[in-house]
Amino acid sequence: MPSCGSPRAAVPSLRFHRDYLDAVRTGTKVTTIRFRDPGTTGPVNLVFEPDEEVTLPGLITEVVGKRVAELTDADAVADGFRELAELQDRLRYHYPEIKPTDEIAIVHFRLR
């Protein structure tokens, strides 16, 4: 007999470079900074690529907006970096056009 309920909504994906897989698994990376791609709270699939794709079940717990220039060392540590300068270098790698006045989203997440 067919199901009469509404279909379950697909769980959205939050994509990461494979370099971050170990830091997410160990809990040293609990945020990700997104430029023009903020995400929303709730269940999410944490997808690591490019090589062989790895997917982990996660939960976005909070999304905080701020400007790039307002990022702190604490933001960098939560994102898995040692200091703000290292985070800023990585942001420029992922988003070459990013400027200090641009709005970004700090996406807080955890594994489920």
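Asp 75 and Lys 66 form a salt bridge, with their closest N and O atoms 2.9 Å apart; a salt bridge here is a side-chain nitrogen of Lys or Arg within 4 Å of a carboxyl oxygen of Asp or Glu. Both Asp 75 and Lys 66 are buried, where buried means under 20% relative accessible area, exposed means over 50%, and partly exposed lies in between (1.4 Å probe, protein chains only).

The model is predicted: local features need pLDDT of at least 70, side-chain atom pairs count only at pLDDT 80 or more, and totals for chains, interfaces and linings use all residues. Residues are numbered from 1 along each chain as its sequence is written, and side-chain values use heavy atoms, with hydrogens and water left out. The protein chain has a mean pLDDT of 92, and 92% of its residues reach 70 or more; pLDDT is the predictor's confidence in each residue, from 0 to 100. Helices (H or I, at least four residues) and strands (E, at least two) are DSSP runs, numbered from the N terminus.

**Salt bridges**

The structure holds 10 salt bridges. Three of them are listed here.

| Asp 75 | Lys 66 | 2.9 Å |

Asp 79 lies in the loop between H2 and H3, and Lys 29 in the loop between helix H1 (21–26) and S2, so the pair ties together parts that are 50 residues apart in sequence. Asp 79 counts as buried at 3% relative accessibility, and Lys 29 counts as buried at 3%.

Asp 89 and Arg 92 both lie in helix H3, three residues apart, about one turn of the helix. An α-helix has 3.6 residues a turn, so residues three or four places apart point the same way. Asp 89 is partly exposed at 46% relative accessibility, and Arg 92 is partly exposed at 45%.

Thr 31 is in strand S2 (residues 31–34) and is buried, with a relative accessible area of 1%. Leaving aside neighbours within four places in sequence, Thr 31 is in contact (heavy atoms within 4.5 Å) with residues including Asp 75, Asp 79, Ile 106 and Phe 109.

In helix H3 (residues 84–94), Leu 84, Leu 87 and Leu 91 are buried. Seen down the axis of H3, the buried residues fall within an arc of 60 degrees, so they line one face of the helix; the arc is that of the directions from the helix axis to the C-beta atoms. S2 and helix H2 (73–78) are among the elements that cover the buried residues of H3.

**Asp 102**

Which loop holds Asp 102? Asp 102 is in the loop between H3 and strand S5 (103–111). Asp 102 is buried yet has no salt bridge, and the nearest side chain of opposite charge, Lys 99, is 5.0 Å away. The side chain of Asp 102 reaches the backbone nitrogen of Lys 99 at 2.7 Å. Not counting residues up to four places away in sequence, Asp 102 touches Phe 35, Lys 66, Arg 67, Val 68 and Glu 97.

Key:
Lys, Arg positive; Asp, Glu negative; His and termini not counted. Polar contact = N/O pair within 3.5 Å; in protein donor to acceptor, adjacent residues only side chain to side chain.
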